[in-house]
Number of protein chains: 2
Amino acid sequence: MDSFNRERYWIWYPGDFELYHAMKQNFSRVERGMGWPAFWKSEGFRNRVAFRRTYELKEETSFLVSSKAVGFVLVEEAQRHPDAGTDVTFGDPGADVASENAGLDCVQGDAVREPVQKKYPFGQRIVCGPGTVRISVHAARIEALPSIYIEGTEIFSDSGWMAEDYDRPPVSAGTCKYFTKPEQDPSVWDYTEKEYQPVCVEEVGGGVLCEFETELTAQIVIERDAGVQGLRVYCGESRSEALDGKNCYYSWQPDADTGRCPRCAVRYAYIPGCPADGLRIKAIHQYVDIPIRASFSCGDELLKRIWDTAAHTFQLCSGIFFIDGIKRDKWIWSGDAYQSILVNQYLMRDPDIDRRTLLALRGNDPMTTHINTIVDYSLFWILSVRAHCEAYGDTEFLRDIYPKMVSLMEFCGEQLDDRGFLIGREKDWIYIDWADMEKEGPVCALQMLFAACYDAMAWAAETLGSNKATDTAGKGTEEAEHDTDSSLQNFAARYREHYENLVRAINTCFWDEAQGAYIDSFVSGNAHVTRHANIFAIRYGIADRLQQEKIVANVLKNDRVPAITTPYFKFYELDVLGMLGYLDDVMETIRSYWGGMLERGAVTFWEEYDPEVVGEAQYDMYGDRFGKSLCHAWAASPIYLLSKYFRCFEDFEITVR
Amino acid sequence: MDSFNRERYWIWYPGDFELYHAMKQNFSRVERGMGWPAFWKSEGFRNRVAFRRTYELKEETSFLVSSKAVGFVLVEEAQRHPDAGTDVTFGDPGADVASENAGLDCVQGDAVREPVQKKYPFGQRIVCGPGTVRISVHAARIEALPSIYIEGTEIFSDSGWMAEDYDRPPVSAGTCKYFTKPEQDPSVWDYTEKEYQPVCVEEVGGGVLCEFETELTAQIVIERDAGVQGLRVYCGESRSEALDGKNCYYSWQPDADTGRCPRCAVRYAYIPGCPADGLRIKAIHQYVDIPIRASFSCGDELLKRIWDTAAHTFQLCSGIFFIDGIKRDKWIWSGDAYQSILVNQYLMRDPDIDRRTLLALRGNDPMTTHINTIVDYSLFWILSVRAHCEAYGDTEFLRDIYPKMVSLMEFCGEQLDDRGFLIGREKDWIYIDWADMEKEGPVCALQMLFAACYDAMAWAAETLGSNKATDTAGKGTEEAEHDTDSSLQNFAARYREHYENLVRAINTCFWDEAQGAYIDSFVSGNAHVTRHANIFAIRYGIADRLQQEKIVANVLKNDRVPAITTPYFKFYELDVLGMLGYLDDVMETIRSYWGGMLERGAVTFWEEYDPEVVGEAQYDMYGDRFGKSLCHAWAASPIYLLSKYFRCFEDFEITVR
């Protein structure tokens, strides 16, 4: 075993790192001096964990465990140095001793000897071996994620360690490629930093207004000969916001010692009641360094600017997790994350942020509430796992996460009506889109997603089943593995059957042959048609060829059916137009809609854009002054659309490192 | 509503305060420089909660919310002051807005007006009313329990507020009588303090040894003209332990500024390499002030000393929770807590510590592992709830906790064999006692407890059912309440049936007519008899009169059946002897066993006492030097035995305030 080449990692109970940082992320939203934590079930991390591993050591070796947790290291081996450490027999907790001993038979010469247990504190170099050595690291921490780091040549921490939570069977420990050094603390994210000087500083109304070259997620830092005491910094995504002391989202008093303000979204910073003289301002942009791997070039300058702005927008919204926007909500939303996963595969091709986001969204079993409280967002999580695993061939992640896909589907399975339609539980939120849609009884658009989930589950079970068959080829045919394999095939068949039944029921109940379209809901008898269910019907292959043609004529190209108004759903509409080959329509929209934002001076793309609204009003949303997020991940869809449908266009060059 | 007379409390999600402090308690064990956190599933607190309440206000009023959490206050009322605060319409999270509005119809004059929502930060005085006002407080905290405190004349925090965790239906907020002031933080326990000066200071081996009048849970504080830098304090329950630098459990470097050491169990403190001159030592005993309400007097000086020492021992082990011992383990064990609840009813009669302990032990639903990993300790939890509720007539607590009793029994119900015997899951620990007992297959002593649990469940359902009938008398007869009532009666009948079936099966499989006793286990065919199952059979009324007589003759009064060796089980044996009227035997044991410890100089009663072991060896346990706890709750049973069986004895006076 050439362990010298292998990386050491901080380790924790798998998934807990993501749950811990997701809480920090979802509780980080601030609005005009008020914290606004996300309003859904927040899953905590485990406070008490144990890590175990057994080594067969050819020679004596040493290791050292670092941790901020409360705990100790237990080393079990045949007695070797009578003087090394203190022999410890465990106290009354007999069960733990029994389990600590399980699986360790120390053979020395011909005699099987009782293993000797020794306990050591963290931070002390421990010598052990040669022979069979079983190491258990016990760790407890209340205020943050318990994690450990082990340094040694033979014995060191990586995902080869097993983690236990005293509840479920042992699982492989969790790691993150950003946490590999003993001096780190996995409960504190180490952002990469880049300094920006203002591109423009002007005196306005007795204060100083600074503009940076683009929007950032930065700490504003102020230096002044007279000190920073008494100063207040108003940050804005727009010039108007920074200058509006009352309605501006973020304002801070710089730290008296360092002059630093907390990290927040900022393009403009205004310091009232302060002359520019003797004042130095900079922004320290703090980000997770996920490089862009796709490059786009074409002769069309506008398209190039749209690509670059979308890429910048997307990068800003891709940190520890995919978040919706950097000023607001700063939350991890499953529907938004699905679109980000679809963009990521073309732009950054970073599977790690997908995995972190998916683990953070899903939480622990048992599943008791819908993700983000929204029924369709639970379903998008299943579709996200599929999108991720297909993009990167990530069967390992699929295998780890599959049980949570099954339990999510079981949770949904308890919320069906007689026909098998998913209706959610009382008070559950079925979102779909901000649109005028009938939502009484079973909602058609939701059933489309649910059908796509059955299809995804069948795909997942088949993928794991066939992968297992490949894995075990040539390794003999153990009964147990055969069983698992065939049970996966059975599950796949069952999901496939659910899929077919549901599609049949959808077509029976929601397809309106007279209108040549799917209706929102059949309860009212109104046969109301919106674009949403029809778009999903094409996107997820539920409508047959003939139905698709009718949908195009009667819905997509029919101006009497209300237009999609959110960039969120425009993503799906344009994707479907692309799938059907209406590339002119897609290109026209990209140029007018995203080009329109650039004409308004956008440096990042917005949560929403209405060409009819001009002036200050364009920054409002949800009836809130400056409520609109001007840097929103779902507005990055041109990356996806250009990459997916225009890759082979003359004059376009999209290359991915 | 005369609200001026009503107490304000810090509030939190009910049970989370107990789970948070239980983690602190269970992670606080230290042994020779190593943290030793309890090795069972540690249930975390909820990080994101909301508190809500609707008021009908006759006039304008104001209130102020304090919290260390991240969050805000949402006030919904008919618009009143156009200029008060900022009108806020919620952002994209439509579901929350919908739920926020539920149930609030603001009527102003004749017109029903849309309620207006206003958001406020914590720490700001908020004016509202008159009229219907709905207040929601949103709070998130990662590192500690989120909690809030509301000051106001009409609007203030108490258990009348409802708490939500975005998972389950709203429940009444949790409170604690010790947290009623705004400047407190419910995540930090405010101990009562009492200063102790040493009763003896002597120079030993170039250092200073201090003895305090009794054992304490104290911070040792050192003052020295030359400063405390470089000093180390070794704390011992015995003189020998304090003087044994290697094996002593607790040793500390006093804080350089304050001279204080961390709180720990201490009777002797030794500071090596330090002359007594110019050194001042004291102990600040930190405790939860739960007064002793029973007083005992009798002409027998030894019995009086036994009572007082037992009372002192028990008080030391009764803090935020009932713990096993103050030096070791400092953990909350369910089997130990059961005995403490039985003692508490006679000594302190404090129902609050019972409730805190029971909530801490049980954790959240779903139940996935046995309490403390021990099957019998899960069962003792059910019996503890009954013991508590019967002692104080605490039907309110029974109603709150009943669903968790049901889910615990359901968890056990999944672990039965064909005959209905509880066998636990693979690797589950069936403890019963440190004794040589056959535990293959169903364990008889465990079935005795399980039968007692069925009986307790029937009692609980009957109690709630009959109480509900009383509650609703004269309030009309709503269908729903009738249903609940009759379903409780059905449950009671079902539990009663389970009880009878199990008792029948126990007598069929475990009663050995030839030996006139219950056997440990029937799998081996050895028909091995120990005292344990037979003691439980009497204690829980499972053996009939004839069987009881046989058990007394063949087991309890039969020296060939191995004696009980632990004070833990001696509690049950003496209780049964008392029940059967063998009071001379009980009194003789109290005088010899507990009197024996006093003869050895005990100031608190020990985890274990073997009259045969003398000298230094008497401090060892579990093969560990000084491993024995010298202040252990389960050794306080004389309180229980004297109060229960000797109350009416001539010359005895036991009075309870």
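## A buried pair in chain B

At 0% relative accessibility, Asp329(B) counts as buried (buried means under 20% relative accessible area, exposed over 50% and partly exposed in between, with a 1.4 Å probe and protein chains only). Its salt-bridge partner is Arg328(B), with the closest N and O atoms 2.8 Å apart, and Arg328(B) is itself buried at a relative accessible area of 1%. A salt bridge here is a side-chain nitrogen of Lys or Arg within 4 Å of a carboxyl oxygen of Asp or Glu.

## Basis of the values

This is a predicted model, in which local features need pLDDT of at least 70 and side-chain atom pairs count only at pLDDT 80 or more, while totals for chains, interfaces and linings use all residues. Residues are numbered from 1 along each chain as its sequence is written, chains are lettered from A and ligands numbered from 1 in the order in which they are written, and side-chain values use heavy atoms, with hydrogens and water left out.

## Salt bridges in chain A

The structure holds 92 salt bridges over all chains. One of them joins Asp158(A) to Arg53(A) at 2.9 Å, N to O; Asp158(A) is buried at 8% relative accessibility, and Arg53(A) is buried at 19%.

Lys177(A) and Asp350(A) also meet through their side chains in a salt bridge, at 3.4 Å from N to O. The two residues are 173 apart in sequence, so the pair ties together separate parts of chain A. Lys177(A) is partly exposed, with a relative accessible area of 44%, whereas Asp350(A) counts as buried at 7%.

Methods
Helices (H or I, at least four residues) and strands (E, at least two) are DSSP runs, numbered from the N terminus.
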